[in-house]
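Student: Hey, can you walk me through this structure? I'm new to it.

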Amino acid sequence: MSKKRTLKKSITFFTVFFLLLLGIACIFYVKDYYHSQSTVKNFLKSDNIVAVTEEKDFISFTNKIKTSENAFIFYQGAKVESTAYAPLLYQLAENGIDCFLVKMPFHLAVLSPNKANTVLKDYEDKYTNWYIGGHSLGGAMAASYASKNISRLKGLILLGAYSTKDLSDTDLFVLSIYGSNDQVLNHEKYENYKKNLPTSFSELVLEGGNHAYYGNYGEQKGDGKADLTREEQQEKTCDAILQFIAP
């Protein structure tokens with residue numbers, strides 16, 4: 001066997017071996033995610049006020065009593081099970097903002113940043129004002145979607161997140177919320193990327209809040225200890241969003 005053929009076989013072997021290892025690493029990565037706590041099941045059931053409906057690509061939380069002109073599409077945080085945000089969105093729906101919790105492939109919004117289209121294709125004409133937002137990486141991907149769909153949206157809501165896309169010259173209403181004890185959010189990047197938001201954007205710092213307590217998925221690695229309970233952080237977040245959308 002020639003040296004050339006031997007070298008070619010060696011390169012092929014190591015390429016296949018590398019791709020196999022990469023595939024195994026990816027499998028372990030996507031299977032390692034934050035699971036919803038058992039308490040969320042209480043917010044995935046309809047009652048006399050909120051209708052909870054599960055579709056293939058999203059879960060909707062709609063108010064049975066109030067007809068809303070406002071709807072909110074939500075993108076989950078990276079590697080967080082989508083249902084972890086059911087308590088927050090249920091609370092918003094209870095107060096008159098219909099919500100759509102999008103399910104992302106492998107719990108990563110970066111893999112399907114345009115997933116909001118699965119909601120808008122059937123519901124866009126039902127509501128006058130559409131808002132999009134998300135938590136952490138989900139917020140960044142929501143901002144990315146907003147940058148390409150300005151005419152379809154009225155506003156953007158960022159929870160422990162920032163926009164890498166320039167929205168500064170748009171008419172979007174933007175609300176940015178983060179916790180003072182959030183140690184997962186890159187605060188330097190957050191400050192730098194403020195320039196991408198319209199100058200009129202609203203900001204709320206939740207004193208004592210951390211990164212994880214917008215959802216019910218336990219504690220997050222590297223996060224700061226919250227001085228608020230999970231319920232308090234979600235209640236304050238809900239109040240801010242309600243004031244932002246329907247003052």
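Student: Anything to know before we start?

Tutor: It's a predicted model, so local features need pLDDT of at least 70 and side-chain atom pairs count only at pLDDT 80 or more, while totals for chains, interfaces and linings use all residues. Residues are numbered from 1 along each chain as its sequence is written, and side-chain values use heavy atoms, with hydrogens and water left out.

Student: Okay. What order do the strands of the sheet come in?

Tutor: It's an open sheet of eight strands, in the order β1-β2-β4-β3-β5-β6-β7-β8, with mixed pairing. Helices (H or I, at least four residues) and strands (E, at least two) are DSSP runs, numbered from the N terminus. Two strands pair if DSSP finds at least two bridges between them.

Student: And which are the edge strands?

Tutor: β1 and β8 (202–206), each of which pairs on one side only. From one strand to the next, the twist averages 15 degrees.

Student: How many bridges join β5 to β6?

Tutor: Five, and β5 (residues 129–135) runs parallel to β6.

Student: What about β6 and β7?

Tutor: Five bridges join those two as well, and they run parallel. Isoleucine 157 has leucine 175 in β7 as its bridge partner. On to β8: β7 is joined to it by five bridges, again parallel, and tyrosine 178 stands opposite valine 205 in β8.

Student: Why is β7 called largely enclosed?

Tutor: Because six of its seven residues are buried, β7 is largely enclosed by the rest of the structure. Buried means under 20% relative accessible area, exposed over 50%, and partly exposed in between, with a 1.4 Å probe and protein chains only.

Student: Switching to helices. How many residues of α2 are buried?

Tutor: Seven of its nine, so to speak mostly covered. They are Ala86, Pro87, Leu88, Leu89, Tyr90, Leu92 and Ala93. Those buried residues pack against β1, β2, β3, β4, β6 and α6, where contact means heavy atoms within 4.5 Å.

Student: What comes after α2?

Tutor: Glycine 96 follows α2, and its phi is positive, near 105 degrees.

Student: Which residues touch the most other members of the largest nonpolar core?

Tutor: Of its 35 residues, those are Phe61, Phe72, Leu89, Leu92, Ile157, Ile177 and Ile241. The elements giving two or more residues to this core are β1 (50–54), β2 (58–63), β3 (70–75), α2 (86–94), β4 (98–102), β6 (155–159), β7 (173–179) and α6 (230–245). A nonpolar core is a set of buried Ala, Val, Leu, Ile, Met, Phe, Trp, Tyr and Cys residues joined through side-chain atoms within 4.5 Å.

Student: What does leucine 89 contact?

Tutor: Leaving aside neighbours within four places in sequence, leucine 89 is in contact with Phe61, Phe72, Phe74, Cys99 and Leu101. There's also a second, separate core of 29 residues, which includes Ala71, Ala142, Ala143 and Leu167.

Student: Last one: where is serine 136?

Tutor: In the loop between β5 and α4. Serine 136 has a positive phi of about 55 degrees, although it is not a glycine.

Technical notes
Axes fitted to C-alpha atoms, helices over the stretch in contact; angles between N-to-C directions.
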